[in-house]
Amino acid sequence: MVQQAGRDIAPAKGKLGVMLVGLGAVSTTFIAGVEHVRRGTGLPVGSLSQMGTIRLGKRTEKRSPKIKEFVPLADLKDLVFTAWDPIPDDAYSAAVKAGVLDRHEHLEPIADFLKGIKPLPAAFDQHYVKRLTGTNVKSGKTKRDLAEQLRQDIRDFKKRSGADRLVMIWAASTEVFLTPGPAHQSPQAFERAMEQNDPAIAPSMLYAYAALMENVPFANGAPNLTVDLPALQQLADERRLPIGGKDFKTGQTMMKTVLAPAFKARMLGLAGWYSTNILGNRDGEVLDDPESFKTKEESKLGVLEYILQPDQYPELYGNVFHKVRINYYPPRGDNKEGWDNIDIFGWLGYPMQIKVDFLCRDSILAAPIVLDLALFFDLAQRARLSGIQEWLSFYFKSPQTAPGLYPEHDLFIQQTKLKNTLRWLMGEEQITHLGIEYYEKA
Ligand SMILES: NC(=O)c1ccc[n+]([C@@H]2O[C@H](COP(=O)([O-])OP(=O)(O)OC[C@H]3O[C@@H](n4cnc5c(N)ncnc54)[C@H](O)[C@@H]3O)[C@@H](O)[C@H]2O)c1
């Protein structure tokens, strides 16, 4: 152990194995991007861990190291990858089909590397993702058997890759909407439910359970319940493992959690917010199923309520009409277009409108988030942080929190929380932005 002024953090020695559930658009864009950065043929744009700096001490001290030089993160050259997917395409074919990265510029030069990543058979059940059929699927009499097979996959990958440490990230399709029930209340109830093939246990939960039983941190990039359950939270606490989710915060919701806090900061009212999207990738196709869409809708709708606090500001936010639509439109592929029509009101109630048209690339925005989560969850484990990692809310649309706490959705509160956690880990002073010392001399 290296003794830090703040917290003992085990050094990032050896390889870090990144286990991805799902080898689709996001995962392949992430893996290919990391390989380009390692080869010096691309920049990790959008990754706070790689490009961001952190101010330390007073403004006059002029200390702003890069985050990756300040905290002991795994180096990109030490990352190794594996994935599960019910579709048997290797990372090269999956990336070609996803159509995110330019084939000639970004896929052919690293084709051999990508072809070497072949998906392990998935724990998959069409009941939970209606619009997918897969052939690369595990079989087992019970869900418990499937979880045990996933645990074996984890052990095998660790051996095969020589990885020192592992993290697992769910970047697979959004599952149908589920609410926590009796099967999710304790690890014992959860295990019994797996043995009884209880429909309350979705495949994503089996991966999360397997990860925790193998001492692997788990982050959930989709809105499914997955690890947002008392049973798995208890398991993570007992086994002292970091967990987190849900749903990568990338395009429209990222913008929403920047704009809504601005309206609230200025005490401008909100009458309505209509958000719609056209999206043509496989994610869009899966979300075309009303049951998967409901899971996503809940995740996207939640943010305004928490940011605007209508109970505290009934005149401004007591009557907001908020609507979110996602429309599957194949010609657009991964290049989503998200429109927001925002009806705000000002002084004496006069109405105004704001229109946002975000022509984004979904997986280009998500890939750096996967990277940061992999690195920060590994850091969390080496720093012996366990349970829900609220400081990583910055990356999620529906951040998990301790029971009884409401989530912070404001992107800049989340950023402050993340950076202050890094300062705290390294024994540096918190930055409060008070700054009175620059003006009032003792
Ligand atoms: N791209 C973004 O901006 C963004 C933002 C937030 C959340 N997400 C979520 O991330 C996830 C991945 O997005 P994507 O664009 O890569 O989708 P994708 O459809 O391209 O890839 C998902 C992959 O997961 C696989 N899969 C489905 N069920 C599985 C299972 N049980 N086990 C293993 N693999 C399974 C599918 O076969 C598919 O290949 C989706 O749930 C999406 O909603 C994406």
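## A helix enclosed

Eleven of the eleven residues of α9 are buried, so this helix is largely enclosed by the rest of the structure. Buried means under 20% relative accessible area, exposed means over 50%, and partly exposed lies in between, with a 1.4 Å probe and protein chains only. Helices (H or I, at least four residues) and strands (E, at least two) are DSSP runs, numbered from the N terminus.

This is a predicted model: local features need pLDDT of at least 70, side-chain atom pairs count only at pLDDT 80 or more, and totals for chains, interfaces and linings use all residues. Residues are numbered from 1 along each chain as its sequence is written, and side-chain values use heavy atoms, leaving out hydrogens and water.

**Helix α9**

- The buried residues of α9 include Pro 203, Tyr 207 and Met 213.
- Just after α9, Asn 215 has a positive phi of about 65°.

**Around the ligand**

- There are 33 residues around the ligand, and Val 26, Asp 85, Ala 172, Tyr 207 and Arg 282 come nearest. A residue is near a molecule or strand if one of its heavy atoms lies within 4 Å of it.
- The shell around the ligand holds 18 nonpolar, eight polar and seven charged residues. Ala, Val, Leu, Ile, Met, Phe, Trp, Tyr, Cys and Pro count as nonpolar; Asp, Glu, Lys and Arg count as charged; the others, Gly among them, count as polar.
- Helices α1 (25–39), α9 (203–213), α12 (282–287) and α15 (362–382) each supply at least two residues of this shell. Helix α15 gives the most, with three residues.
- A polar side-chain atom of Asp 85 lies 2.6 Å from an oxygen atom of the ligand. A backbone N or O atom of Ala 172 lies 2.6 Å from a ligand oxygen atom. For Ser 173, a polar backbone atom is 3.3 Å from an oxygen atom of the ligand.
- On its own, the ligand has 840 Å² of accessible area, and the protein covers 98% of that. Accessible areas come from the Shrake-Rupley method with a 1.4 Å probe; for residues, only the protein chains shown count as cover.

**Helix α4 and its cover**

- In helix α4 (residues 91–98), the residues Ala 91, Tyr 92, Ala 94 and Ala 95 are buried. They lie on the same side of α4, because they cover an arc of only 165° around the axis. The arc is that of the directions from the helix axis to the C-beta atoms.
- An α-helix has 3.6 residues a turn, so residues three or four places apart point the same way.
- The cover over the buried residues of α4 includes α1, α5 (103–107) and α6 (111–115). Contact means heavy atoms within 4.5 Å.
- Thr 28 lies in helix α1. Thr 28 counts as buried because its relative accessibility is 1%.
- Not counting residues up to four places away in sequence, Thr 28 touches Leu 23, Ala 91, Ala 94 and Ala 95.
- At the start of α4, a side-chain oxygen of Asp 90 reaches to within 2.9 Å of the backbone nitrogen of Tyr 92.
- Gly 99 follows α4, and its phi is positive, near 65°.

**Helices α7 and α8**

- In helix α8 (residues 187–195), the buried residues are Pro 187, Ala 189, Phe 190, Ala 193 and Met 194. Their arc around the axis is only 160°, which puts them on the same side of α8.
- The cover over the buried residues of α8 includes α7, α9 and α10.
- Asp 153 is found in helix α7 (residues 143–161). Asp 153 counts as buried because its relative accessibility is 13%.
- Leaving aside neighbours within four places in sequence, Asp 153 is in contact with Met 19, Trp 84, Leu 120, Pro 121 and Lys 138.

**Two buried loop residues**

- Leu 241 sits in the loop between α10 (230–238) and β5. Leu 241 is buried, with a relative accessible area of 1%.
- Beyond four places in sequence, the residues that Leu 241 touches include Leu 212, Asn 215 and Gln 381.
- Gly 251 sits in the loop between β5 (242–244) and α11 (252–265). Gly 251 counts as buried because its relative accessibility is 3%.
- Leaving aside neighbours within four places in sequence, Gly 251 is in contact with Phe 358 and Leu 365.

Methods. Polar contact = N/O pair within 3.5 Å; in protein donor to acceptor, adjacent residues only side chain to side chain.
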